[in-house]
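Visitor: I'm new to this one. Could you show it to me and take a few questions?

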Amino acid sequence: MPFFTLFILSTNSYNEFGVDRVIFPTLESAYRDGQSVLKSAGVHGYVITKHQKDSWQVITEYAPGVDYTIGEHNGVVFIEEGRAQFEMV
């Protein structure tokens, strides 16, 4: 059974980047919460991902002007500040 994760991208009073993660059983509930949290102070946007047995995918991203990277480590999806740096060899 799939589930959806809402990542809320924000900054605190010290202007430090932060990500909160909330899990939802339906896309509709994740989207509704993402839209409502945009009104909160310090919130810059959100990302919703869909998770199934052995895979995940980004469903929607709304974070205008925010640089972030989405990744996976040991089966856990994460978001961190900044863009991934690639070096051509």
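Visitor: Is Val58 buried, partly exposed or exposed?
Guide: Keep in mind that this is a predicted model. Val58 sits in strand E4, which covers residues 56–62. Buried would need under 20% relative accessible area and exposed over 50%. Val58 has a relative accessibility of 31%, so it counts as partly exposed.

Visitor: Which residues is Val58 in contact with, leaving aside neighbours within four places in sequence?
Guide: Start with how the strands pair: E3 and E4 run antiparallel, joined over 6 bridges. E3 spans residues 43–51, and Val58 belongs to E4. With those close neighbours left out, the contacts of Val58 are Val47, Ile48, Thr49 and Ile70.

Visitor: And what is the bridge partner of His51 in E4?
Guide: We're still looking at the pairing of E3 with E4, which is antiparallel. On the E4 side, His51 has as its bridge partner Trp56.

Visitor: Why are the buried residues of H1 on the same side?
Guide: The buried ones are Ser29, Ala30, Gly34 and Val37. They sit on the same side of H1 because the arc they cover around the axis is only 135°. On the other side, you'll find two exposed residues, Glu28 and Arg32.

Visitor: How many residues are in the largest nonpolar core?
Guide: E1, H1 and E3 each supply at least two residues of that core. Among its members are Phe4, Leu6 and Ile8, along with Ala30 and Val37. In total, the residues of the largest nonpolar core number 9.

Visitor: How many residues does the second, separate core have?
Guide: Val47, which we met as a contact of Val58, is one of its residues. Others include Ala63, Tyr68 and Val77. The count for this second core is 8.

Definitions and conventions: Residues are numbered from 1 along each chain as its sequence is written. This is a predicted model: local features need pLDDT of at least 70, side-chain atom pairs count only at pLDDT 80 or more; totals for chains, interfaces and linings use all residues. Side-chain values use heavy atoms; hydrogens and water are left out. A nonpolar core is a set of buried Ala, Val, Leu, Ile, Met, Phe, Trp, Tyr and Cys residues joined through side-chain atoms within 4.5 Å. Buried means under 20% relative accessible area, exposed over 50%, partly exposed in between (1.4 Å probe, protein chains only). Helices (H or I, at least four residues) and strands (E, at least two) are DSSP runs, numbered from the N terminus. Contact means heavy atoms within 4.5 Å. The arc is that of the directions from the helix axis to the C-beta atoms. Two strands pair if DSSP finds at least two bridges between them.
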